[in-house]
Amino acid sequence: MKSPWAANLAWTAFIVLAPSLSVLGAADPVTLRYSPELPGRTNVYSVTLETRGESGREVMTGNLFLTTTAQSGNLIGLTVRGQLRPKPVPGQTFYGYRPGGPMSLSSLIMGPLPEYREIWIDSRGHVVRTAQDLNLPIPLGQLLSSLVEEFPADASSGWETEKNVFVLDDPMGLGPAPAFAATGYGFPVYYPGRGPQAALAARQKTKVEVTQADAETVTLERTMSLDTQVLAGTEPRISASGQAKVVRLRASGLPRSIEMQTKSLVVTENVSRRSELSLRWQMLTGAELEAALNPPPPPPANPFTADEVAQRLADLKKPEAFARQQAIRELNSPRLGRPSEEVIREMARLAQDPDEAVREGAVSILAVHGGREQVPLLIKALKMPGSANLRNTVAQALGRLKDPKAAEALTELLAEGSPEQLSFSGGRENAVSQALVSLGQPAEPAVVEVLKQQNLATRVLACNILKQIGTKKSLRPLKDLTGHPVKEVSEAAAEAARWIKSRGGE
């Protein structure tokens with residue numbers, strides 16, 4: 001799924017997956033292993049997920065950002081952020097709710113992916129831990145898990161596996177997956193006319209062949225089949241088959257591309273439904289990668305001329321409140337473009353204006369276009385009474401400007417709520433927390449002080465920030481919180497300490 005999501009998304013150190021390959025030709029045996037190497041890279045994949053069935057066609061597409069981290073016990077963690085969005089295509093059908101109907105892709109994947117979608121793997125690619133991996137329609141499995149190949153113990157030019165897996169029963173039809181708690185946003189477990197959802201045991205067979213290898217890549221061809229043990233009449237209640245072509249980079253071990261085509265059949269007491277699904281991962285390189293990492297700002301529509309800007313500045317000096325408010329609304333729009341120094345000076349003056357609409361409009365312009373010289377004014381504006389949206393805009397600006405003087409004011413916004421409250425404000429978490437992450441290590445002392453707050457949600461937010469910017473200075477206060485009686489607090493503290501240690505904190 002750029003995600004505004006790509007916009008949401010602070011990164012930790014990148015650990016490359018590097019398989020050891022002793023292969024010169026397609027017929028030679030291959031030894032594949034995952035091992036952590038040097039950090040410092042971000043990989044971006046273009047992802048396309050498509051389903052075709054008797055009810056129509058649906059496509060979700062977008063860029064996903066992948067990072068890897070070293071974990072304890074020589075394990076490797078994979079996390080993903082980004083966003084998939086519906087793509088209009090010929091033959092597309094809106095899947096509204098209807099009993100017995102298939103679940104739409106958009107109901108599974110809504111909005112940006114939270115940054116805690118993570119799996120851990122060992123050196124052979126076995127998934128040993130999963131946290132909020134996104135479950136996909138049968139037989140695609142899960143989003144992050146689809147990047148990983150399970151390698152044999154010895155060198156081989158091909159291998160076969162057969163194992164028991166679990167899939168979610170119709171109509172959701174998800175998996176294979178070890179658990180089904182993380183199925184998306186607002187995903188229904190009960191609805192009128194149906195009892196609780198069930199998971200079905202199934203047998204999955206996989207065959208992999210090494211079809212090509214050169215100095216840069218290794219190509220794997222995979223075929224699979226899946227059949228549930230529960231029958232509908234004489235055939236499996238859910239069955240599926242598929243093929244995939246995976247090209248892996250020898251230097252990093254990550255897939256350069258994955259192209260998976262599958263078919264599934266669901267047979268219940270009331271319906272027989274066939275569908276075709278495809279999943280494609282393509283690593284971005286060159287200009288595409290640069291554009292994904294640094295998207296250009298959208299050009300302003302019908303930008304103001306210098307005379308039009310001057311006219312609105314003149315209107316701001318009129319006594320009529322309506323004229324002044326209209327002028328600041330028009331200037332506080334993409335049509336302003338890059339403001340001149342004269343406009344910035346005037347906005348700094350109007351940031352103290354008694355008219356709330358004019359004052360907030362001026363602050364908003366400074367937040368978008370101001371520089372470090374406006375930081376004291378923005379810090380003051382952060383404490384002014386006003387809308388939460390404006391405070392979030394100012395917080396984003398302070399994160400962009402990266403002035404350490406803003407850390408204390410930002411952490412004060414986190415320290416809100418009743419002592420035992422454990423509910424989160426999306427605005428505080430997304431704007432203020434990300435601003436503190438953008439400040440980096442200079443914000444660490446102020447965030448550590450927030451760990452002493454009584455509000456439980458505030459403590460968890462502080463742990464999540466230290467998870468990304470903390471050093472060994474944070475380990476002691478985090479360790480003190482790992483014994484907290486509230487599970488969310490203790491787990492957040494332990495997770496933050498683990499990430500700090502993975503970056504070299506002692």
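Good morning. Tyr45 is buried, and Trp281 is buried as well; buried here means under 20% relative accessible area, exposed means over 50%, and partly exposed lies in between, with a 1.4 Å probe and protein chains only.

Before I continue, a word on the basis of these values. This is a predicted model, in which local features need pLDDT of at least 70, side-chain atom pairs count only at pLDDT 80 or more, and totals for chains, interfaces and linings use all residues. Residues are numbered from 1 along each chain as its sequence is written, and side-chain values use heavy atoms, with hydrogens and water left out.

I return to the aromatic rings. Rings of Phe, Tyr and Trp (its six-membered ring) pair if their centres lie within 6.5 Å; planes under 30 degrees apart count as stacked, over 60 as edge-to-face and the rest as tilted. By this rule there is 1 aromatic pair. The ring centres of Tyr45 and Trp281 are 5.5 Å apart and the planes stand at 85 degrees, so this pair is edge-to-face. Tyr45 belongs to strand S1 (residues 43-53) and Trp281 to strand S14 (residues 272-283), so the pair ties together parts that are 236 residues apart in sequence. Helices (H or I, at least four residues) and strands (E, at least two) are DSSP runs, numbered from the N terminus; the protein has 15 helices and 14 strands.

Across the protein, 52% of the 506 residues count as buried.

Which rings have a charge over them? The charged end of Arg81 sits over the ring of Phe65, 4.6 Å from its centre, and Lys467 lies over the face of Trp499, at 4.5 Å from the ring centre. The criterion is NZ of Lys or CZ of Arg within 6 Å of the ring centre and within 35 degrees of the ring normal.

Finally, I turn to the second largest cavity. On a 1 Å grid over the protein atoms alone, a cavity is a set of points where a 1.4 Å probe fits but cannot get out, and lining residues have an atom within 4 Å of a point. The second largest cavity is lined by 10 residues, with Glu360, Ala381, Met384, Pro385 and Leu390 nearest its centre. Helix H7 (356-369) and helix H9 (388-401) each supply at least two lining residues, and H7 gives the most, with 3. Thank you.

Note on methods:
1 Å grid on protein atoms, 1.4 Å probe; cavity = no way out; pocket = protein on both sides within 12 Å on 5 of 7 lines; lining within 4 Å.
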